[in-house]
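Please keep the sequence and the structure in view while reading.

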Amino acid sequence: VMTCDLVVGDETSSFAITPAKLGLPYNPTGILHFINRLGLNIAKEMFFTADPVPAERAERIGIINHLVPAEQLMDFTLDLARRIASRSTLAISVIKEQFRILAGAHAISPDAYERIQGLRRHVYDSHDYEEGVSAFLEKRTPVFKGE
């Protein structure tokens with residue numbers, strides 16, 4: 001959802017990012033998508049708690065562009081798509097590419113990238129990672145030790 005151009009949801013929509021429940025790291029590009037879309041504090045809350053964000057809050061914090069009643073979801077979404085399709089496809093494609101380039105304008109040094117990769121490797125080599133995967137497969141609550 002964080003990489004979608006537009007998001008339309010109904011009152012039953014909820015969104016969660018759950019690697020912390022499984023003892024997993026998360027890729028830097030994915031984290032940047034969250035930060036760019038939601039800001040640092042909301043992204044941290046979602047990653048740290050792994051709690052679902054209900055539809056009304058998701059709209060308020062920018063995950064959802066439009067929150068509509070379930071019975072209107074298809075009609076609303078198709079109408080939105082028709083309006084977009086009636087515009088200049090060339091202009092939209094160029095604007096979309098500009099958004100993509102500008103959203104990714106967060107330079108990262110090779111040293112910072114290597115540091116991030118080392119941190120991720122630390123998690124993959126940990127007890128918590130093994131425990132998270134095992135607990136998920138065994139459908140039980142994980143017991144993390146922070147190691």
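Predicted model: local features only at pLDDT ≥ 70, side-chain atom pairs only at ≥ 80, totals over all residues.

**Aromatic pairs**

- Across the whole structure, a search finds 4 aromatic pairs, and one of them joins Y26 and F47 edge-to-face, at 5.1 Å centre to centre with 65° between the planes.
- Y26 belongs to the loop between α1 (19-22) and α2, whereas F47 belongs to helix α3, so this pair ties together parts that lie 21 residues apart in sequence.
- Y26 is partly exposed, with a relative accessible area of 27%, while F47 counts as buried because its relative accessibility of 12% is under 20%.
- Y26 and F47 also belong, together with F34, to one aromatic cluster.

**The largest nonpolar core**

- In soluble globular proteins, nonpolar side chains tend to be buried together.
- The largest nonpolar core here has 16 residues, and the members that touch the most others are F34, L38, M46, I63 and I64.
- Two or more residues come from each of the elements α2 (28-38), α3 (40-49) and α4 (55-61), and α3 gives the most, with 4 residues.
- Leaving aside residues up to four places away in sequence, L38 touches M2, A43, M46, I61, G62 and I63.

Technical notes:
Residues numbered from 1 in each chain as written. Heavy atoms only, no water. Core = buried A, V, L, I, M, F, W, Y, C linked by side-chain atoms within 4.5 Å. Buried < 20%, exposed > 50% of the residue type's maximum accessible area, 1.4 Å probe, protein only. Contact = heavy atoms within 4.5 Å. Phe/Tyr/Trp six-rings, centres within 6.5 Å; stacked < 30°, edge-to-face > 60°.
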